[in-house]
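How many salt bridges does the count come to?

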Amino acid sequence: MHLSHHRMANVSVIGCVVWVLAAMPALLPGFAAAQVPGRIGVQLPSSAPGQLPGITAEPMPGAVVARQNLALDQPHQSGIWLEPKITIQHTVTNNVRLDATQLSDQVTEVIPGFRLVSDTARIQGFVDYSLRTAHYARGTVSDQVWHNLNARGTVEAVEKLFFVDVDGIVALQPISAFGAPGDASPANPNMAQTSVFRISPYLRGSLSGGADYEVRYGVQDVRSDAVNRTNVTVQDWLLHLGRQPMGQVWTWGLDATQQNLDYSNGRNIDTTALRARVGYFPVSQLFLTGIVGVELTNHLTPVRESHNIVGFGIDWRPSERTRLFFERESRYFGESHNAIFEYKTPRTVWRYTDKKAVVTGLGGASSSMGSLFDLLDGFYARTEPNAIRRTQLVRSEIERMGLPASMQVFQDFLTSSSTLQRLQQMSLALLGQRSTLALAYTRTDTRLLDGALQLGDDFDTNQRILQRGWSLVLGHRLTQNSSINASLGQTRSVGTVPGLETKVRPLIFGWNTRVAPRTNIGIQLRRVLSDGSAGRYGESAIMGFITHRF
């Protein structure tokens with residue numbers, strides 16, 4: 001078999017460092033292969049503002065408790081686990097390239113991979129990697145190879161003082177907002193292999209008088225194999241000094257930041273900012289924040305200009321199941337904000353997010369494991385505060401139902417410069433005795449910050465791109481070992497060029513069953529319809545797969 005490597009993204013020096021740090025757990029004492037049934041990868045919680053922490057447990061329905069006990073009764077101890085796996089799948093499609101040519105083909109994919117989880121005192125994190133190879137029976141396109149990676153971890157190099165955060169994502173991303181979306185068809189010409197690697201060493205500690213400090217450096221490298229999209233390297237510094245609440249009514253903090261964006265086909269952008277924050281607890285459930293500062297940047301002009309920063313924040317938690325977070329700032333590009341509302345009942349999770357900010361590389365929708373995973377992760381946070389065990393519980397439930405953990409209404413498309421993006425997401429999850437239902441709605445409004453640049457992306461001809469869509473996913477457990485699932489939805493992308501619009505409607509039915517303790521098989525039926533001025537096509541496909549975990 002001849003394998004074409006033009007779809008494989010180059011691995012940068014930063015990426016190599018991330019790979020080495022991610023593989024360190026397997027070389028340390030205490031390493032063991034994962035032969036515990038159900039042992040799977042882990043997603044560590046983000047440290048971003050507004051992230052929901054674990055909260056106290058409350059009464060739950062019997063079915064949910066049974067699912068939780070099924071996963072948590074398995075042996076658990078701190079350590080390192082490795083779980084190799086392999087998937088073989090075969091697809092018969094009447095439109096392998098997802099375009100008007102309607103070329104039919106049969107695609108055989110072999111997908112070996114592994115999950116590595118570290119839960120030790122010094123290393124907390126996970127690596128979920130797979131190598132995807134595709135062979136086309138009729139040769140409609142060359143055989144291809146892709147990497148898929150989702151890795152995150154923290155290394156405590158010096159106890160309670162020096163830490164290193166590492167992150168890595170390698171995946172297929174849409175090149176254009178108006179091309180065929182998704183990576184279900186490997187021959188889709190609108191998909192590009194994209195890698196994002198970040199490493200961030202930092203010092204963190206406490207001073208006398210209750211103050212805390214942090215000194216952090218970070219470097220992130222974003223690369224794509226799309227010839228008409230630029231790469232970007234981001235370097236940033238953070239100096240923080242502040243005081244945590246620790247039973248106090250007032251808190252304060254000072255943050256000095258510096259960021260440099262180096263675009264391979266554009267110019268360097270430097271931004272330096274100084275912020276002061278004052279926090280106040282009028283009551284224990286409500287936290288108020290005032291923000292003032294100044295920033296210097298050349299993002300909108302060739303020379304650096306000074307702009308004031310003024311903002312405020314509210315974090316309200318009236319009960320264990322309800323939270324409202326909102327933060328707003330006046331910045332050099334206008335107003336930015338971040339809002340999160342979440343409400344939980346014993347059987348449902350309701351979540352709404354609204355964020356407006358400058359985006360470099362990939363947008364906010366790509367930083368999540370998917371709305372379904374996020375919903376269930378928030379649901380089980382009430383009863384399992386440990387992030388590692390909670391992730392195992394969520395992934396067990398999702399895999400048992402045959403549902404897509406990475407359910408996203410649409411993926412971020414690639415751009416060649418910084419953009420101003422407003423991302424709104426509303427989602428609902430309903431957990432029944434034998435069924436799970438998830439509904440998600442997403443809307444993005446993206447525009448280029450510097451309209452004078454012509455860098456070969458969608459913004460060469462569009463000042464603004466609007467995207468909106470919805471997705472409904474249903475999973476039902478037939479027996480202890482088998483389940484069925486269905487998903488349908490619609491996405492729509494509209495540009496400012498008159499008549500430029502794309503609408504895609506996918507419909508998927510699936511069945512899967514466990515035929516052995518560590519082996520699953522399944523069948524999936526897919527129908528996709530696309531219309532609009534940017535491209536009209538239809539696809540019907542049937543796919544079968546077998547997955548074995550060693």
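The count comes to 30 salt bridges, a salt bridge being a side-chain nitrogen of Lys or Arg within 4 Å of a carboxyl oxygen of Asp or Glu. Side chains of opposite charge can pair when their charged atoms come close. This is a predicted model, where local features need pLDDT of at least 70 and side-chain atom pairs count only at pLDDT 80 or more, while totals for chains, interfaces and linings use all residues. Residues are numbered from 1 along each chain as its sequence is written, and side-chain values use heavy atoms, leaving out hydrogens and water.

Start by selecting Glu83 and Arg549: their closest N and O atoms lie 3.2 Å apart in a salt bridge. This pair links distant parts of the chain, with Glu83 in strand 2 (residues 79-93) and Arg549 in strand 23 (residues 537-549), 466 residues apart. Strands here are DSSP runs (E, at least two residues), numbered from the N terminus. Are Glu83 and Arg549 buried or exposed? Both are buried, meaning under 20% relative accessible area, with exposed over 50% and partly exposed in between (1.4 Å probe, protein chains only).

Next, select Asp255 and Arg277, a salt bridge with its closest N and O atoms 4.0 Å apart. Asp255 counts as buried because its relative accessibility is 16%, whereas Arg277, at 24%, counts as partly exposed.

Finally, select Lys356 and Glu335, whose salt bridge has its closest N and O atoms 3.7 Å apart. Lys356 is in strand 16 (residues 348-359) and Glu335 in strand 15 (residues 334-344).

Conventions
Helix = DSSP H or I, 4+ residues; strand = E, 2+ residues; numbered from the N terminus.
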